[in-house]
Amino acid sequence: MNGLPILSSREISSYECRHGQGYTKVSVTQNDIEGSITYFVPLHDNCELWMVRLKNKDKNRRKLSLFTYVEWCLGNYAFDLIERNFANLFNEISFEDNIFFATKRYWNLPVPRRRARDKLFSLNTNLAWDKFAFLTASFKVDGFDGLKEKFVGMYNSWLNPKGVVEGKCTNSLGDGEDIVGVLQHDFELEPEEEKKFVIILGVVFEKKDASGITQKFDTWEKAEIEFERLKRYWNHYIQSLIVETPDKDFDLQVNVWNKYQAWVIARWSRMDSYYIGGGSILGFRDTCQDIMGILPTNLRWAKERTILVIEHQFQDGSCLHNWDPRTNLSTKTGHSDDPLWLIITIINYLKESGNWSFLNELVKFYDAPPATVYSHMIKALDYALSMRSSELAGFGISLMGAADWNDGLDQVGKEGIGESIMTTEFLCWMLLEVAEVCRRNGDKEMMERYLSEYKRMKEKLNFLCWDGRWYIRATNDKGEILGSEKNEEGKIYINAQTWAVMSKVAEKERAIQCLDSVKEHLDTEYGPLMFAPAYKEPDPDIGIITRFSPGTKENAAIFNHTVCWAIVAECMIGRGDRAYEYFKKTSFIERGKEPDIYKVEPYVYAEFVYGPDSIDFGQGSFTWTTGTAAWMWRVCVDWILGVRPELDGLKIDPCIPSGWRKYRVRRQFRGSEYDIFVTNPHGICKGVQKIVVDGQDIKGNLLPVFTDGKVHKVEVVMG
Ligand code: GLC
């Protein structure tokens, strides 16, 4: 459902749109009437409130009419948008006791139904939408319209709806039509007089419940109290991890907006995107990565989500690629990276919580009864190990499967032969992490097996997949290589380099060499590209990546998600200035300073920024729903500021720009608060000389774990 402020074509004397955490406020002055609408969703009710304020700045008394306008989205926005004429045929509306209702007698939600004849499941959509949307207001409605054609008019538009031009709704109702929600209220304003109204747009299972919600918010005062509650909620959340650095833009991003985006994305996943996704799918790998963005601030919620993803693993260790949370239905695609995201998610939870008993908790499989979290993790790793290419015909490394993290490489391994260097690097990283968990769990044999697999895979990557100055990215079913000097297009891919460093596959010199190649071949004024040069023509043996226009999305754009890993890798080799340069070039606050080029919201990450092969070079796209939200927030705190949870405690390992002389991080960890002051007297990027905790020197850079719930002062001197 959309609340669209209708503006007539008359001149506006002032306009402001202000976004805060959980609300948006639009203020307009027009024709001597000063008005504003604040939109927000209450913390615990299924509705949106619009707080409308109108003031007469004219010398004369004014007679006014207020009209609301919504276009209903009932049950499935993709269906409503794509098949609008068909979708309209199921619409039902009514107006009862000052409340306008809308529902749909058809819901194209696939649910499984057993067919008696052959005992097979079929998908059944023989349903009505199970809810009613409603629209009501704090005022007595003087007129309404439910039919779009009646209100907007056959030859008019949103700029001059017939109902507004004529100053009168027609009280239109009718089923099976293109429907809207218009409420009219007529009133007068003396000079300087102000009137305030609340509009309530909500959804309920039964019509009778709408009046309950309405009573909660049907005065300005009640709505205001709720708005204050919402602000308190966000203020509290924002305070949960605070940084103070010499760069105020960095602070604003980390403390407020990136943290906020990470929260929102953990709720939405990629489901609510108008760009892509169809509105109902929870991605497996996406959800795993989104959890990273809430772990430091809401451990309980992070644990719930972790269990949710574990529940979507099969008994053989493989995982679903995505599922519909309403029905829990899905298709199994065979993306090679999914089981590895399950592992990192469990490990991340252990590092944040220190709660080792989690490994013994029982969680069900998608297709089998519960088993311990530990065995879910082991099965995922063993499954990933089993999905390797033949040593004779291939490199003996991870198969690409349906694709890897890069969904665009979707034809590379369709015959089951193509290989993924990135998945192999991911596998290496997880082998190291799980080996460590096995060691602590007393599983020495498993630990040794995983470490020797790690060694083998690392050797293969370094001997077989090193192209001279960087690592190749993949092989396809024909044995052709992607990401080599010999390729004319797709010569060098960023992920194969950054993940080589993150997985410790690339040792010191190679790590420097491959990251220097990234800088040399991929960096642009707006940050490093996913790969270069772009694919100019579709290549059926590579996939959709080559079908995107050159410079867009996965075809050689600046894909912000991948920039996060470039920053991690640069921090791992100690190049704080370069890590920061990549951060700055892609930061939405920085990019928002050039709105005519960047064009999108300057307060959240976009999935990608068009690359130089596109005429829109520098423009952001696919904002909000991106794994960058969680990753970049964590990268800033964990890797640049270097306050990072490890299995044994909080590690202090800064990798900052050499110009910074001091900074501070306040962070909760395992129930206590750490107030960390870092000084950098010699202007270096990395290295810790001394750490003092509560007045006592400690050895090394791992902070002790406290269980007293108190604030602990940590002083760090770099050197
Ligand atoms: C999108 C998808 C994510 C994928 C990435 C790269 O962000 O949501 O799952 O890994 O694109 O293809």
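This is a predicted model: local features need pLDDT of at least 70, side-chain atom pairs count only at pLDDT 80 or more; totals for chains, interfaces and linings use all residues.
1. Accessible areas, as used here, come from the Shrake-Rupley method with a 1.4 Å probe. On that basis the accessible surface of the protein comes to about 30300 Å², and 51% of this surface belongs to carbon and sulfur atoms.

2. As to overall form, the C-alpha atoms fill a box of roughly 80 × 70 × 50 Å when it is taken along the principal axes. The radius of gyration is 28 Å, which agrees with the value near 27 Å that a compact globule of 719 residues would have. Buried residues make up 56% of the 719 residues, and the protein contains 20 helices and 36 strands. Among contacts between residues at least 6 apart in sequence, 66% join residues that are at least 24 apart.

3. The aromatic residues deserve a separate point, since a pair of aromatic rings is described by the distance of the centres and the angle of the planes. The count comes to 56 aromatic pairs in this model. One of them is formed by Y69 and W158, an edge-to-face pair with 6.3 Å from centre to centre and 70° between the planes. Y69 lies in the loop between strand 6 (62-67) and strand 7 (70-71), while W158 lies in the loop between helix 3 (148-152) and helix 4 (162-166), so the pair ties together parts that are 89 residues apart in sequence. Y69 is buried, with a relative accessible area of 2%, whereas W158 is partly exposed, with a relative accessible area of 45%.

4. A further pair is that of Y603 and W624, whose ring centres are 6.4 Å apart and whose planes stand at 75°, so the pair is edge-to-face. This pair links distant parts of the chain, 21 residues apart: Y603 is in the loop between helix 19 (595-598) and strand 27 (606-609), and W624 is in the loop between strand 28 (620-623) and helix 20 (628-640). Both Y603 and W624 are buried. The two residues also belong to a cluster linked by ring pairs, which joins them with Y233, W234, Y237, W257, Y260, W263, W268 and W301.

5. In a second case, the charged end of R644 sits over the ring of W639, at 3.7 Å from the ring centre.

6. The backbone calls for some attention as well, because most residues other than glycine have a negative phi, and most peptide bonds are trans.

7. Which peptide bond is cis, with omega near -15°? The bond in question runs from A532 to P533, and P533 lies in the loop between strand 25 (531-532) and strand 26 (558-559).

How values were computed
Residues are numbered from 1 along each chain as its sequence is written. Side-chain values use heavy atoms; hydrogens and water are left out. Rings of Phe, Tyr and Trp (its six-membered ring) pair if their centres lie within 6.5 Å; planes under 30 degrees apart count as stacked, over 60 as edge-to-face and the rest as tilted. Helices (H or I, at least four residues) and strands (E, at least two) are DSSP runs, numbered from the N terminus. Buried means under 20% relative accessible area, exposed over 50%, partly exposed in between (1.4 Å probe, protein chains only). A charge sits over a ring if NZ of Lys or CZ of Arg is within 6 Å of the ring centre and within 35 degrees of the ring normal. The radius of gyration is taken over C-alpha atoms; the globule rule is 2.2 Å times the number of residues to the power 0.38. Contact means heavy atoms within 4.5 Å.
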